[in-house]
Amino acid sequence: MSQRETWTSRVGFILAAVGSAVGLGNIWRFPYMSAENGGAAFLVVYLIAVALIGLPAILAEFVIGRETKKNVVDAFRNLGGPVAALIGVLGLFTGFWMLSYYSVVGGWVIQYVIGSLSGAYFADPGMYFGQVSEGTGTILFHAIFMAITIGIVAAGVEKGIEVGTKIMVPSIAILMIGMAAWAFTLDGAGAGYDYFLTADFGVIAENYQSIIPDAVGQALFSLSLGMGAMITYASYLDGDDNLLGDGISITVLNTFVGVLAGFVVFPLLFAQSIDPGSAGAGAVFVSLAQAFAELPAGGIIGFVFFLVLLIAALSSAISLLEVVVSYFVDNFDVSRPILTTGIGVMIFLLGVPSALNINTFTMFDNIASNILLPLGVTLTVIFVGWIYGGGAVAELRRGLGKNSSFGPVWLWHIRIVVFAAVLGTLALSIMTFMS
Ligand code: PFF
Ligand code: NA
């Protein structure tokens, strides 16, 4: 079997991980989650959740990956035996499941990129979304999105994922900064900033039972945690970099793009007097399209916006596919392009029902975001806290110094704070899901 690939540089790893993190979650999900949870109050709780839960949890995945240098299933098996390997199997399943509908949204976005240029949604954005989101056309663009994802992953860790994300991530950052600067010039943008940035702490006090789990859930989703993407990417590391430094860079960059997205979306909606509270999954596409349709040169602006969304979705989709592909490449003597294509086609087929019916799509997303991911994080945290334990601290300290006190503090923080938060989120999510 050929030698396992590694990143060519530390920056390559960081950009790949940022590419995974920055995705539909930042630009599409984060603004509507904020809108559903009262705007700025949500931002505050989200930022706390990223620092207190997201960052320690991403480090937990990094140490597992870097120490074992294995795919998610074999990584857990190496460190914890056959029962622990089941956490990895859950990760594979989640990657498979999530990509099936994530790619459907990717297909919607391709249609919006084209529709911005042709003006297809200008007359009736609501009707356009209906056409884009269900039917044979939806299946076709889902197939196109999957084909591009397969192409990048088939090219390998270095030549596909690393090269791809080195181009994609800087493009996302530059275009988003440009969009935010442009949004700043809109008449009426001020109301958007107020909404996004002026926290009403009364709202938090009243709605903490929904705001806190939503914010923790969004932090996990946004950082690609709970299904082994970060384990897989860290498994391609060699050397003794400071993982804490890498984790901070990735977390900060991901948060930066999420906040920038808010700086684009809210001024845009408020400038056109569109109520962000009427958001929800599809309505973000509808209300943004409505805003673009009403603006002078809105087609061009819409084109750039949806292009950024497309690049972000792609750089996340490749990490979902890589989780599954990595397992098969490590264990079977079949070439990466063949394995990638086979797995990709199966994921495409699983996504077809979501492409035909938006309620099926919503169900797939709810199961993944509210159950599979929080469950994966909870199990990972228990595993790292109590089974891997001291080994995890030693691995983290490889880049920090042998006696760094951060290691044990991190471990106890995982055992208590992160564990309580993710378990609480999981419990509340399951209750909401059942009701
Ligand atoms: N972090 C991605 C986003 O915010 O859109 C979603 C995601 C990608 C979650 C990859 C999990 C994952 F493994
Ligand atoms: Na994200």
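Q: Is Lys69 buried, partly exposed or exposed?
A: Lys69 is partly exposed, because 17 other C-beta atoms lie within 10 Å. Buried means 20 or more other C-beta atoms within 10 Å of a residue's own, exposed means 12 or fewer, and partly exposed is in between, with C-beta atoms placed from the backbone.

Q: What is this model, and how are things numbered?
A: This is a predicted model: local features need pLDDT of at least 70, side-chain atom pairs count only at pLDDT 80 or more, and totals for chains, interfaces and linings use all residues. Residues are numbered from 1 along each chain as its sequence is written, while chains are lettered from A and ligands numbered from 1 in the order in which they are written.

Q: Back to Lys69. What is its phi?
A: Phi of Lys69 is near 55°, a positive value in a residue other than glycine.

Q: And where is Ala297?
A: Ala297 sits in the loop between α12 (281–294) and α13. Helices here are DSSP runs (H or I, at least four residues), numbered from the N terminus. Ala297 also has a positive phi, about 60°.

Q: Is Ala297 buried or exposed?
A: Ala297 is exposed, with 9 other C-beta atoms within 10 Å.

Q: New topic. Which residues are closest to ligand 1?
A: Gly23, Gly25, Ser224, Ala229 and Ser316 are the closest of the 14 that surround ligand 1. A residue counts if its C-beta atom, placed from the backbone, lies within 6 Å.

Q: Which elements give two or more residues to that shell around ligand 1?
A: They are α1 (10–21), α2 (24–36), α9 (201–222) and α13 (298–331).
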